[in-house]
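The following note concerns the pocket and the ligand of the structure shown below.

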Amino acid sequence: MQTDLRGRDLISTQDWSKEEIETLLDVAWDLKRKRALGEPHALLRDKVLAMLFFFTSTRTRISFEAGMAQLGGHAQFIDSSTTQISHGDTAKEIGEIVGRYTDGIAIRQCDWEIGNAYIKSVAAASRVPVLNMQCEIYHPFQILADLMTIQEKFGRDLRGKTINVSWAYASSYQKPISVPQSLVLLMTRFGMNLRLTRPPEYQLMPEIVAQARENSRRHGGSFEILEDFDAGFAGADILYPKSWGSWLTTEDQDESAQIGAKYSDWITDDRRMALANEGAIYMHCLPADRNIEVTDSVIDGPQSVVYDEAENRLHVQKAAMALTMR
Ligand code: CP
């Protein structure tokens, strides 16, 4: 167990060793148990977290804010459109100044080719830890909650389990690729067989895929890319079909919508779930486009773990805050 995580940023799970991630999960389970028992755990009394949002959120905002209160501290909701962040304050100034007021800075900035660089620039200037609440490349807290959920369902040793990280159709908007990218990076460090299923226009960043392949080689398991939606379900234990934008093909929303429409039959339904292994689980980070991306019968059905997954956001984030901001 690694105990010296004070002051550490968490921008990508790749920045933390496997042992450090296992420490975070151990603490998350302890905090989950304490909350279930009603045991106080005010580990961050009088501490303040600044939460900078450049993009909307439901789960991330509410879980970070609730988590900070449960740890005895306070979380500030800072909307970029109602502050000077959108017109004047630089990343360096935010890191320097907000770091002097608070004990941690959490940021969601998903703009393509801007978000990750912005978060890293704030971190470089900040004297307090910076936590990535999602950028265009990574969504580390979602994926840590996903790993916690998978381990709750299948046990800590995930070697030999097959996870299908698949694209699915959605009509709402061109979603970031940060969830599938973070999934392929983290799950390959736990010996799982990683299956990435997507149409040719929905590639992930080549450097991320290369890192995932290297993780898989180092930690056992396998890594394969499929382009057939049904084949992705066959024999899998964990199904994670969700939509993402064709960012590496086009940044144009209209062109992306036209490409996506070619694959409007990529919807998770009961027939497809039946192709998976017995006991397989359905996961989604939410929000989902219901009856477009996934049918109600699957997302509300017995194999769905989406609410446990959403709950675990709270516990992993509290663990990260308690370890880095103490
Ligand atoms: N899954 C997730 O990050 O949800 P929000 O966008 O609502 O925060």
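1. The largest pocket has a lining of 19 residues, and those nearest its centre are Arg 108, Gln 134, Tyr 173, Leu 286 and Pro 287. A pocket here is an open set of points, on a 1 Å grid over the protein atoms alone, where a 1.4 Å probe fits, with protein on both sides within 12 Å along at least five of seven lines; lining residues have an atom within 4 Å of a point. The model is predicted: local features need pLDDT of at least 70 and side-chain atom pairs pLDDT 80 or more, while totals for chains, interfaces and linings use all residues. Residues are numbered from 1 along each chain as its sequence is written, and side-chain values use heavy atoms, without hydrogens and water.

2. The lining of the largest pocket comprises seven nonpolar, seven polar and five charged residues.

3. Pro 287 belongs to the loop between strand E9 (281-282) and helix H11 (296-299). Gln 134, in strand E4 (residues 130-135), has a positive phi of about 130° although it is not a glycine.

4. Around the ligand are Ser 57, Thr 58, Arg 59, Thr 60, Arg 108, His 139, Gln 142, Cys 285, Leu 286 and Arg 313, each with a heavy atom within 4 Å of it. By class, this shell holds two nonpolar, five polar and three charged residues.

5. Leu 286 places a backbone N or O atom 3.0 Å from a nitrogen atom of the ligand.

Definitions and conventions. Polar contact = N/O pair within 3.5 Å; in protein donor to acceptor, adjacent residues only side chain to side chain. Nonpolar A, V, L, I, M, F, W, Y, C, P; charged D, E, K, R; others polar. Helix = DSSP H or I, 4+ residues; strand = E, 2+ residues; numbered from the N terminus.
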